[in-house]
Amino acid sequence: MEERQIQVLIEQANVQRNLSNWRGAIDLLQRALSLDPDHAHAHATLALALLGARRLPGAGIEARMALHLDGNDSFCHYAAAHVMYAERKLDDAWAHCLVAIETDSHDADTHVLGAAIRDLRGEVTEARELLQTALELEPGNTAALTKLARMELAARNFEVAAGYAEQALRSSPSNTSAHVVAGLISLARGDHAGAEGHARFALGQDSTDHDAIHLWAAIKAHRSPLLGLWWRFHTFVSMRTEAGELGLLIGSFVVMEILTILAGHFDLDRIQTILEWGWLGFCAYTWFAPELFKRMLANDLGTVALDPDF
Amino acid sequence: MSYTIADEPHETSLGAYVVSPSAPLLASMMCGAWMAWPWFAFNAIAMGSPTKKKELILCGVALAGSALLGAIVLAFVDAGWIPLGTPFKFAMLAISTWKLAFAYYISTVQARTFHVYEYYGGSVRNAGGIIGTGFWLKGIVFALSDDPLWIIIVSGGL
């Protein structure tokens with residue numbers, strides 16, 4: 001009876017996850033785990049819901065708990081791979097993904113996840129092979145087509161990328177990820193209006209979708225050179241792990257300070273003044289730009305509506 | 001009883017005094033370490049952070065480390081191994097880097113809990129007035145002792 005109740009709660013949580021209602025999914029899974037705190041599947045599903053809510057530390061704990069409780073379950077390995085991919089622990093993520101693929105070789109989504117991991121490891125050919133396998137298992141798999149479009153976009157093959165994005169949109173016309181990638185391709189081709197149309201549609205589907213908000217922010221950044229500069233800097237910094245980000249910021253500070261001290265040592269007063277003021281300006285800009293950017297974005301997102309002609 | 005996720009903050013009676021972790025980080029630059037480390041520690045406690053112990057230890061290490069580094073630098077200056085001027089400035093840069101790195105790292109650790117705290121609708125106080133007061137008090141705190149080690153310990157990362 002209790003197992004049946006837990007299964008129902010997990011199913012309901014999956015429905016909420018598909019609707020991107022992470023909070024709803026988390027609440028349901030907490031209820032399931034109150035009934036049985038050792039339910040591996042509930043822990044794994046909770047890990048994925050927490051990941052959706054961008055609660056990475058909690059997701060990591062839940063995914064590891066699920067693996068500890070049932071190390072043979074393919075879904076637990078899939079969830080662990082997902083979380084470790086987000087943690088940028090790519091070798092561990094691939095090891096778990098491989099176990100999940102070997103245990104359940106007919107699941108297209110696991111192949112897509114594997115492709116994402118291998119792509120980030122720089123193994124583009126292997127990533128493409130995994131995506132082709134996913135498409136053989138499930139022709140028209142939107143996640144696989146979207147990922148292929150993103151990879152082609154990264155390689156600046158805009159025509160091929162657009163072809164995959166079109167296929168993804170044909171396969172699933174209201175899919176948020178497909179619209180986001182189509183928007184990114186339009187933006188890369190300089191078609192701001194097209195990109196905005198896709199962003200509006202994606203945000204209309206799910207106003208909390210991180211990628212859709214990212215696309216909207218990128219469009220705004222293209223239109224405002226001053227804030228766009230910060231957006232590019234932010235994207236460049238946030239591509240790194242936390243340790244890498246910290247190293248980059250502290251490293252920049254140390255280099256600038258060393259240059260300032262050396263300029264003073266060699267009596268290059270003018271250069272020293274320029275460096276000091278430049279650094280102060282950079283600090284002030286990187287402090288206030290995100291606030292201005294967030295406010296601009298919040299105002300926009302409050303009024304975003306789909307163009308009737310889209 | 002509901003299942004508790006490990007990253008969830010606990011409710012505390014000090015919830016009304018929680019600030020964004022970027023506030024103590026800014027205080028470390030604008031006001032000094034005398035304000036930043038205690039503020040980071042207080043914020044961890046007020047937020048009911050599950051990583052409170054780690055954050056408190058980090059604050060302690062940051063403080064003890066700057067005191068130790070300061071003492072070493074001053075001992076080297078007294079012994080004549082570090083002449084005043086450019087070499088001394090480089091030695092002080094090492095201490096500033098130490099403080100800044102810890103302030104950034106503690107702020108990053110605290111931001112993870114802060115994100116969950118906000119997610120559950122926790123109240124957040126505007127820290128502008130506190131930083132302004134700290135900036136004004138900075139001179140008074142620095143003047144409490146004329147020992148150079150005191151200045152090194154309480155001064156900021158920048």
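Predicted model: local features only at pLDDT ≥ 70, side-chain atom pairs only at ≥ 80, totals over all residues.

Visitor: How many helices and strands in chain A?

Guide: Chain A has 16 helices and zero strands. Helices (H or I, at least four residues) and strands (E, at least two) are DSSP runs, numbered from the N terminus.

Visitor: What box do the C-alpha atoms of chain A fill?

Guide: Roughly 80 × 50 × 40 Å, taken along the principal axes.

Visitor: And how much of chain A is buried?

Guide: Of its 310 residues, 37% count as buried. A residue is buried if 20 or more other C-beta atoms lie within 10 Å of its own, exposed if 12 or fewer, and partly exposed in between; the C-beta atoms are placed from the backbone.

Visitor: Let's do helix packing. At what angle do α6 and α7 of chain A pack?

Guide: Helix α6 (residues 90–103) and helix α7 (residues 108–120) of chain A pack at about 155°, with their axes 10 Å apart. The axes are lines fitted to C-alpha atoms, for helices over the stretch in contact, and angles run from 0 to 180 degrees between N-to-C directions. That angle makes α6(A) roughly antiparallel to α7(A); angles under 35 degrees count as roughly parallel, over 145 as roughly antiparallel, 65 to 115 as roughly perpendicular and the rest as oblique.

Visitor: Which residues make the contact?

Guide: From α6(A), they include A:Leu90, A:Trp94 and A:Cys97, and from α7(A), A:Thr110, A:Leu113 and A:Ile117 are among them. Two residues are in contact if their C-beta atoms, placed from the backbone, lie within 7 Å. By class, this contact has nine nonpolar, three polar and one charged residues. Ala, Val, Leu, Ile, Met, Phe, Trp, Tyr, Cys and Pro count as nonpolar, Asp, Glu, Lys and Arg as charged, and the others, Gly among them, as polar.

Visitor: Is A:Trp94 buried or exposed?

Guide: A:Trp94 is buried, with 21 other C-beta atoms within 10 Å. Not counting residues up to four places away in sequence, A:Trp94 touches A:Ile117 and A:Arg118.

Visitor: What does A:Tyr78 touch?

Guide: Leaving out residues up to four places away in sequence, A:Tyr78 touches A:Ala100, A:Thr110 and A:Leu113. A:Tyr78 lies in helix α5 (residues 74–86) of chain A and counts as buried, with 26 C-beta neighbours inside 10 Å.

Visitor: Back to helix pairs. How do α10 and α11 of chain A cross?

Guide: The axes of α10 (residues 158–171) and α11 (residues 176–188) of chain A come within 9 Å and cross at roughly 155°. That makes α10(A) roughly antiparallel to α11(A).

Visitor: What classes of residue are in that contact?

Guide: The contact of α10(A) with α11(A) has 11 nonpolar, no polar and no charged residues.

Visitor: Which residues touch the most other members in the largest nonpolar core?

Guide: That core has 79 residues, and A:Leu29, A:Ala47, A:Ala79, A:Ala81, A:Ala149 and A:Ala165 touch the most other members. Helix α3 (residues 40–52) of chain A gives the most to this core, with nine residues. A nonpolar core is a set of buried Ala, Val, Leu, Ile, Met, Phe, Trp, Tyr and Cys residues joined through C-beta atoms within 7 Å.

Visitor: What is A:Ala79 in contact with?

Guide: Leaving aside its neighbours within four places in sequence, A:Ala79 is in contact with A:Ala44, A:Ala47, A:Leu48, A:Ala63 and A:Ala66.

Visitor: What about a second core?

Guide: A second, separate core of 35 residues includes B:Ala27, B:Trp34, B:Trp39 and B:Val154.

Visitor: How many residues does each chain put into the contact?

Guide: Chain B gives 19 residues and chain A gives 18 residues. The side of chain B that touches chain A divides into 12 nonpolar, four polar and three charged.

Visitor: Last topic: what is the phi of A:Ser20?

Guide: A:Ser20 has a positive phi of about 60° although it is not a glycine. A:Ser20 is in the loop between α1 (2–18) and α2 (22–35) of chain A.

Methods
Residues numbered from 1 in each chain as written. Chains lettered and ligands numbered in written order.
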